[in-house]
Amino acid sequence: VIWPVTERSEPLIFSEKRLEQAMIEDRELDIWREQWSSVAVPPAVGRDQLQQIQKKIRRQQLGFVLGNVVAAIGFFGTMIFVVMIPRLEPQPLAKSTALGISILLTMVFSYRLWVQRGTYRAEAQSTRAFVELWRKRVIARLRLLQLGMYVAPAWIVFCAVLMAINRAAIAPDVDAHPMYWLGALIAALLALPVNLYWVFWYRRRKRAELKEVKKILQEINE
Amino acid sequence: MNHASSTNLPSIDGEATLVNENRRAWEERFSRILGEHGPAISRLAFSYEMVASVREELVQEIALAIWQALPHFRGECSERTFVFRIAHNRGLSHAWKRRPAHEPLDEIEDADQPIDPRPHPEAQAAQIHDRARLMSAIQSLPVAHRQMIVLMLEGLSHAEIAEVAGITENNVAVRLNRARKALKDALGVKS
């Protein structure tokens, strides 16, 4: 066999140095691996741990079912309420309130579906795909919060306008039960700052999360 | 006709039995996966969480995620890759929730250290110290480097690492070099 003669690209001394360096690195890796594999670990997964995991799985499945049941009851309950109000009380105020609630519900659900598109996927994906999905989810949540910030004051303005238009119909009831109406007004006014405070607090948290997720994504893409 | 259709289509009882059998098969598969990859999951959890009690919770969270993802696993990748993907993704979420994840060397719990059968206490102490130093250094690395190092130490091939991280195989080599250098820096070793 005649081996092709190739020109040596670097002096022999450098190759030896590289070889030596590679050997040092391999030895180093072996030491790290040895240290890493000797980290204390539980003996596989014990029976107790398996039972705990199964308990958690059952709890999570129950939570999932309950969550869906509560959401369905809430949605259909509100829709029934919306349909029933104008039948029970055929006044313009009741009709407008029912219309307002149904518009609000439809808007919030549609927007929720729209901003969360592309985020319904399991997490058994590569780290890059997972982090990208995570970023999408945080952005979707931030958009929902943004909507909440506009909807809450808009809802109060809507109610105020509605009452102003129907003041003639409401006036006798306000005169008959002034404390009830005052209480309702104070509760509505207090609910707004509380709601906004929560929205701002949650938004700050989500923004910090988004910053972190972007940092991780940048690290992955570098 | 009716008889034929009743033999072709499973009855309600038959369907229930089928569901139960499927569930039992999943449970067996799940237990086997945890049995095979349990130690690796625990070590991986170590790189994201130093506190033993919280780490145990993280391991359970990972197991839970594996259980949830198992019905959708169609063998597109190896089982090991599947497990490491889920474990790392859960680890990432955990690290975010538990910021700052990195704790100083002194705070690593002594209870986590295994009992070494070697008689020499000084050698044992040195071994424990070196291991704690390595763990602490790994925890201090940026997420991307940390993942590369952990997967390398677990003995995954470049192709498997690429599948877990979602990058190309060529990129793995470059990243592993960078991660190794970062680990050396964190350990204070001269390159």
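Predicted model: local features only at pLDDT ≥ 70, side-chain atom pairs only at ≥ 80, totals over all residues.
Chain A is built from six helices and contains zero strands. From the N terminus on, its elements follow the order α-α-α-α-α-α. Of the 222 residues in chain A, 23% are classed as buried. The accessible surface of this chain amounts to about 15,900 Å², and carbon and sulfur atoms account for 66% of that area. When contacts in chain A between residues at least 6 apart in sequence are considered, 71% of them join residues at least 24 apart.

The interface was examined next. The size of an interface is often expressed as the accessible area lost when the parts come together. By this criterion, chain A and chain B bury about 4,600 Å² between them, with 61% of the buried area lying on carbon and sulfur atoms. Chain A contributes 43 residues to the contact and chain B contributes 60 residues. Polar contacts across the interface of chain A and chain B comprise 10 residue pairs, counted with both residues at pLDDT 80 or more. On the side of chain A that touches chain B, at least two residues each are supplied by helix H1 (12-37), helix H2 (47-88), helix H4 (127-165) and helix H6 (178-221). Of the helices of chain A, H1(A) provides the largest share of this side, with 10 residues. By residue class, the side of chain A that touches chain B consists of 19 nonpolar, 12 polar and 12 charged residues.

Charged pairs were then considered. Side chains of opposite charge can pair when their charged atoms come close. Over all chains, the structure holds nine salt bridges, and the count between chain A and chain B is two. One salt bridge joins B:Arg180 to A:Glu28, with the closest N and O atoms 3.9 Å apart. This pair crosses between chains, running from helix H8 (residues 169-187) of chain B, which holds B:Arg180, to helix H1 of chain A, which holds A:Glu28. B:Arg180 has a relative accessibility of 11% and therefore counts as buried. A:Glu28 is likewise assigned to the buried class, because its relative accessibility is 13%, under the 20% limit.

Within chain B, a salt bridge connects B:Glu79 and B:Arg29, whose closest N and O atoms are 3.9 Å apart. The pair links distant parts of the chain, 50 residues apart, with B:Glu79 in helix H4 (residues 79-97) of chain B and B:Arg29 in helix H2 (residues 12-48) of chain B. B:Glu79 is buried, at a relative accessible area of 18%, whereas B:Arg29, at 26% relative accessibility, is partly exposed. Both residues belong to a network of salt bridges that links B:Arg29, B:Arg32, B:Glu36 and B:Glu79.

A further salt bridge in chain B is formed by the side chains of B:Lys181 and B:Asp185, at 3.6 Å from N to O. Because these two residues are four residues apart in helix H8 of chain B, B:Lys181 and B:Asp185 are separated by about one helical turn. B:Lys181 is partly exposed, with 46% relative accessibility, and B:Asp185 is also partly exposed, with 47% relative accessibility.

Definitions and conventions: Residues numbered from 1 in each chain as written. Chains lettered and ligands numbered in written order. Heavy atoms only, no water. Contact = heavy atoms within 4.5 Å. Buried area = accessible area lost by both parts, 1.4 Å probe. Salt bridge = Lys/Arg side-chain N within 4 Å of Asp/Glu carboxyl O. Polar contact = N/O pair within 3.5 Å; in protein donor to acceptor, adjacent residues only side chain to side chain. Nonpolar A, V, L, I, M, F, W, Y, C, P; charged D, E, K, R; others polar. Buried < 20%, exposed > 50% of the residue type's maximum accessible area, 1.4 Å probe, protein only. Areas by Shrake-Rupley, 256 points an atom, 1.4 Å probe, with all protein chains shown as cover.
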